[in-house]
Structure formats: C-alpha cells, structure tokens
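Visitor: Could you walk me through this one? I'd like to ask as we go.

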Amino acid sequence: MEGFFYSSVKDIQSKYWKSFLNRGFLFNENYFTTMISLDGHLVFEDHHRHRLQKTLDFMKAKNSEDKVSEIFNVCHHDMYEVMGLLDDLYIRINLYRSLEGDIEYFIWSEKKSPDCSELTLKTIPYYPNRNYPPFIKKADYDIAFHKRSSAKAEGFDDVLLLDDNDKVLDLATSNIVFFKDETCIYSPLIPGVFDGICFSVYLDFLRQGTTPMECREIMKNEIPSFDCAIALNSFSGPRAICKIDDVEYNLVRADTLIDEFYKHIGFRWKERK
C-alpha cells in the first residue's frame with residue numbers, strides 16, 4: 001500500500017514507543033478530521049481548518065492557529081511531494097496528547113478513490129456518546145463498524161443508526177438528509193448526529209436557494225413517508241440512498257439534487273475504476 005505518514009514527534013523512528021505510549025493510544029484522548037484530495041485540491045479545506053481550530057481550542061492548545069497552519073503546510077508540501085497531485089487521496093489528520101501532556105499530531109494519507117454508488121441501509125439501534133460537542137471527531141467507530149459488518153452480511157451497504165427512542169441519527173460514517181415533496185428534512189445535532197463538514201456545506205447550499213427546510217428530530221416510523229434521501233461525508237461526497245430496510249426511494253430525484261450541489265461547488269467526486 002503506497003502512503004504518506006508524517007509525525008510532529010521528531011525522530012519518530014528512534015522513539016517508536018512514542019507512537020503508541022501516549023494519551024491518545026492508551027486513553028483514547030485523540031481527535032481527528034478526514035478529507036479527500038481530488039487532483040491536488042483539498043476538498044473543503046477551509047472547513048477542515050476550522051474544525052481543527054475548534055478541536056485545538058477544545059484541547060486548550062496554545063498557538064492553535066500556528067498549529068493548524070503548520071499541519072496544512074505539511075499537507076501542501078511534504079505530502080504532495082511524496083504522493084503526487086493527480087491521484088485521489090484519503091487523508092487523516094490526528095491530534096493527541098503525549099504522556100507529558102503536549103499536543104502532537106500525525107498526518108496519514110493513502111491513494112484511495114471514493115465510492116460514489118447509491119446505498120442500501122439497514123436501521124440498527126445505537127447508543128451514542130453524549131459527552132462531547134458534535135464537532136469533535138473521535139476514533140470510536142468500533143460499534144458502528146461492527147453493526148455495519150453485520151448489515152453487509154445481510155446484503156446492505158451500511159447502517160442507519162437509531163437511538164433508544166427510535167430517533168434517526170447518522171450512518172456509520174455519514175450524515176443523512178431526507179426530502180419530502182420539495183422540503184429538506186434533517187436532524188439537529190443531537191447526541192449521535194455529527195457536525196459533518198459535507199453535511200454543513202450541503203445545508204448552506206440549500207439555504208442560499210429556495211428549498212424549504214425543516215430541522216427537527218426524525219423518527220424511524222417516518223422513513224416510509226419520505227421521497228428520497230442523501231448520505232453525505234467529506235470523503236465520498238453526496239450519495240443517493242436507494243433503500244432503507246424495505247423502503248425504496250426515488251433515485252432520479254436524489255441524483256438530480258446531487259447534480260445541483262455539484263454545479264454549485266464547481267467540482268464532483270468521482271469513482272475511479
């Protein structure tokens with residue numbers, strides 16, 4: 001696997017133990033963002049910078065603006081020098097604390113094309129963490145990934161997570177929006193709904209137009225009443241949802257809505273065979 005790895009811990013090879021003996025690895029005190037590079041363009045770079053800035057502020061970091069600039073300087077220079085500009089890249093930027101309490105980071109990327117195909121979803125109960133603000137992205141996907149693997153064994157592509165009151169949350173790694181007639185319906189940032197960047201950009205796009213919008217809690221028993229649905233994340237972009245459990249959705253309408261978003265942002269994710 002061809003990839004790129006950069007650590008803020010200098011001379012990491014001779015101090016290999018620092019790569020796992022830290023508060024991030026030992027106590028899960030680590031936070032991250034993931035993004036995609038398309039043909040040398042970091043998609044939604046400003047939004048990822050803002051997320052890292054807020055995360056560093058949450059961590060009580062000193063000189064957080066300088067740290068963000070340093071991180072993206074590595075991406076624009078060191079990473080592209082190794083990986084090149086023409087391939088699709090999956091990029092993860094991880095912030096964590098050393099045992100001494102210093103904030104460190106690593107950047108990892110690999111060549112990987114997004115999956116832009118439509119999705120089938122299975123609804124699954126899920127009990128989200130209520131202790132962090134919704135913009136904090138943590139490496140706690142183990143339960144969601146386990147549930148997704150079980151759903152894939154049943155022929156589904158992903159899961160739609162529900163809380164203990166049957167409120168609709170997120171997919172394993174994506175947000176979701178629904179459409180009924182002309183109205184976009186989406187969940188507020190309740191526990192279990194992540195403040196995703198692609199999700200936020202898409203909602204901002206709709207607000208600039210004439211689409212009616214409803215931000216409210218969505219219940220499982222409403223799923224059959226919607227016309228179409230779209231999943232959103234920063235790596236794969238917007239993806240049409242063709243089915244949730246036994247409920248089938250209008251793919252033509254979803255594809256039209258996605259094309260309108262592509263025209264607005266001026267580029268599109270593309271799956272490379």
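This is a predicted model: local features need pLDDT of at least 70, side-chain atom pairs count only at pLDDT 80 or more; totals for chains, interfaces and linings use all residues.

Visitor: Start with helix 4. What span should its 12 residues have, and how far apart are the end C-alpha atoms?

Guide: Helix 4 covers residues 142–153, and at 1.5 Å a residue it should span 16 Å; its end C-alpha atoms are 17 Å apart, which agrees. The expected span is 1.5 Å times one less than the number of residues. Helices (H or I, at least four residues) and strands (E, at least two) are DSSP runs, numbered from the N terminus.

Visitor: Which residues of helix 4 are buried?

Guide: A144, R148 and A151 are buried in helix 4. Buried means under 20% relative accessible area, exposed over 50%, and partly exposed in between, with a 1.4 Å probe and protein chains only.

Visitor: Where do they sit around the axis?

Guide: They are on the same side of helix 4, because they cover an arc of only 60° around the axis. The arc is that of the directions from the helix axis to the C-beta atoms. An α-helix has 3.6 residues a turn, so residues three or four places apart point the same way.

Visitor: And the other side of helix 4?

Guide: There D142, H146 and A153 are exposed. The buried residues of helix 4 pack against strand 6 (119–125) and strand 7 (158–162). Just after helix 4, G155 has a positive phi of about 100°.

Visitor: Take L161 in strand 7. Buried or exposed?

Guide: L161 is buried, with a relative accessible area of 3%. Its C-alpha is 5.8 Å from that of T123, although L161 and T123 are 38 residues apart in sequence.

Visitor: What does L161 touch?

Guide: Not counting residues up to four places away in sequence, L161 touches I124, Y126, A144, K147, K167, V168, L169, D170 and L171. Contact means heavy atoms within 4.5 Å. A144 is also one of the buried residues of helix 4.

Visitor: Now helix 6. How many residues, and what reach?

Guide: Helix 6 has 15 residues and reaches 21 Å from first C-alpha to last, close to the 21 Å expected at 1.5 Å a residue. Its buried residues are A254, L257, I258, F261, Y262 and I265. They lie on the same side of helix 6, because their arc around the axis is only 145°. On the other side, V252 and K263 are exposed.

Visitor: What covers the buried residues of helix 6?

Guide: The cover includes strand 9 (175–180), helix 5 (197–207), strand 12 (228–233) and strand 13.

Visitor: What about the second largest pocket: what volume does it have?

Guide: About 190 Å³. On a 1 Å grid over the protein atoms alone, a pocket is an open set of points where a 1.4 Å probe fits, with protein on both sides within 12 Å along at least five of seven lines; lining residues have an atom within 4 Å of a point. Its volume is the space filled by probe spheres set on the points, which are joined across faces, edges and corners.

Visitor: Which residues are closest to its centre?

Guide: Of the 15 residues that line the second largest pocket, C116, P238, D255, I258 and R268 are the closest to its centre. The elements giving two or more residues to that lining are strand 13 (237–244) and helix 6 (251–265). Helix 6 gives the most, with five residues.

Visitor: Last one, K137. Buried or exposed?

Guide: K137 is buried, with a relative accessible area of 11%, and lies in the loop between strand 6 and helix 4. Leaving aside neighbours within four places in sequence, K137 is in contact with N30, Y31, F32, T33, T34, R51 and F194.

Terms used. Residues are numbered from 1 along each chain as its sequence is written. Side-chain values use heavy atoms; hydrogens and water are left out.
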